[in-house]
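Subject: Structure for you to look at

Hello,

Here is the structure I said I would pass on. Please open it first, then read the notes below beside it.

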Amino acid sequence: MTDEPKAVLDVGCGTGLISRNLMEFVDRVDGVDFSENMIETAKILLNGNHPGINWICGLVEEVLLSPPYALITAGESLHWMDWEVVFPRFRECLTRNGYMAIVGQKNSPMPWDGDLFKKIIPTYATNQDFVPYNLVEELESRNLFHKNGEKSAKPVSFQQIIEDYVESFHSMNGFSRERMTEEAAHGFDSEVRELVSKYCPEGEMELQSVGKVVWGNPTTK
Ligand SMILES: C[S@@+](CC[C@H](N)C(=O)[O-])C[C@H]1O[C@@H](n2cnc3c(N)ncnc32)[C@H](O)[C@@H]1O
């Protein structure tokens with residue numbers, strides 16, 4: 001980040017994984033999320049009460065922002081947004097040499113992925129017409145974003161209990177609890193729990209996670 005002020009807009013900040021960890025490097029972070037639950041959780045996590053962080057509850061498409069920002073970060077959140085509305089906003093909010101960073105994370109393949117992705121996920125996904133796509137390529141093809149570079153982090157191993165693994169699916173677009181019926185969410189959780197338990201009788205698994213950041217600029221059409 002070269003421009004001043006060292007202010008960051010973190011869109012779809014969730015519980016503030018990016019906002020809270022960036023604070024030691026920048027002057028201010030505005031973290032925006034439409035989920036009140038996520039924002040309230042962010043506030044009580046480490047660094048969540050830092051005076052430099054403004055938690056803003058609302059849609060990125062609509063909330064009042066305080067530009068200019070030298071960096072805009074989006075961690076696993078752009079899929080949900082109305083790109084034709086947010087990208088022109090991002091363009092206007094960024095400083096002259098500002099960047100947008102699209103942050104993603106992938107888990108290494110697990111032995112139950114076949115059953116999970118071919119049977120359970122297609123049964124319960126709320127977005128049945130979903131076709132997997134490469135986010136950055138899609139944004140570039142629509143002239144909304146121009147990629148300047150990318151970097152992947154080294155894989156990190158971590159232990160996760162089955163309950164947290166099951167819950168992690170509800171942060172995905174097609175499995176958000178707001179969009180699923182209670183009955184469907186319960187059915188999905190039970191099937192995933194049953195499948196994974198066969199492989200993890202101790203109730204815990206070891207996952208490998210790789211983080212990746214792509215940086216570039218929102219473009220003007
Ligand atoms: C998968 S979570 C990622 C959270 C966080 N960025 C992280 O990396 O841990 C995606 C978040 O984006 C938020 N979100 C999605 N669309 C949004 C929108 N249009 N406006 C504000 N928040 C949005 C959701 O509420 C959710 O908390």
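A polar contact here is a pair of N or O atoms within 3.5 Å. Please also keep in mind that this is a predicted model.

**The ligand**

A backbone N or O atom of Phe-34 is 3.2 Å from a nitrogen atom of the ligand. For Val-60, a backbone N or O atom and a nitrogen atom of the ligand are 3.0 Å apart. At Gly-12, a polar backbone atom lies 2.8 Å from a ligand nitrogen atom. On its own the ligand has 600 Å² of accessible area, and the protein covers 89% of that.

Which residues around the ligand come nearest? There are 18 residues around it, and the nearest are Gly-12, Asp-33, Val-60, Glu-61 and Gly-75. By type, the shell around the ligand has eight nonpolar, seven polar and three charged residues.

**Two helices**

Next, look at helix H4 (residues 113-124) and helix H7 (residues 182-199). Their axes come within 10 Å and cross at roughly 170°. Angles over 145 degrees count as roughly antiparallel, and H4 and H7 are therefore roughly antiparallel to each other.

On the H4 side, the contact is made by Asp-115, Leu-116, Ile-120, Ile-121 and Tyr-124. They meet Ala-184, Gly-187, Phe-188, Glu-191, Val-192 and Leu-195 in H7. The residues of this contact comprise eight nonpolar, one polar and two charged.

**Backbone details**

Most peptide bonds are trans, and most residues other than glycine have a negative phi. The following places depart from that pattern.

- Glu-4 and Pro-5 are joined by a cis peptide bond, with omega about -5°. Pro-5 sits in the segment before strand E1 (7-11).
- Pro-67 and Pro-68 are also joined by a cis peptide bond, with omega about 10°. Pro-68 is in the loop between strand E3 (53-57) and strand E4 (69-75).
- Glu-76 is not a glycine, yet its phi is positive, at about 50°. Glu-76 belongs to the loop between E4 and helix H3 (83-93).

Regards

Terms used: Residues numbered from 1 in each chain as written. Predicted model: local features only at pLDDT ≥ 70, side-chain atom pairs only at ≥ 80, totals over all residues. Heavy atoms only, no water. Axes fitted to C-alpha atoms, helices over the stretch in contact; angles between N-to-C directions. Helix = DSSP H or I, 4+ residues; strand = E, 2+ residues; numbered from the N terminus. Parallel < 35°, antiparallel > 145°, perpendicular 65-115°, else oblique. Contact = heavy atoms within 4.5 Å. Nonpolar A, V, L, I, M, F, W, Y, C, P; charged D, E, K, R; others polar. Near = heavy atom within 4 Å. Polar contact = N/O pair within 3.5 Å; in protein donor to acceptor, adjacent residues only side chain to side chain. Areas by Shrake-Rupley, 256 points an atom, 1.4 Å probe, with all protein chains shown as cover.
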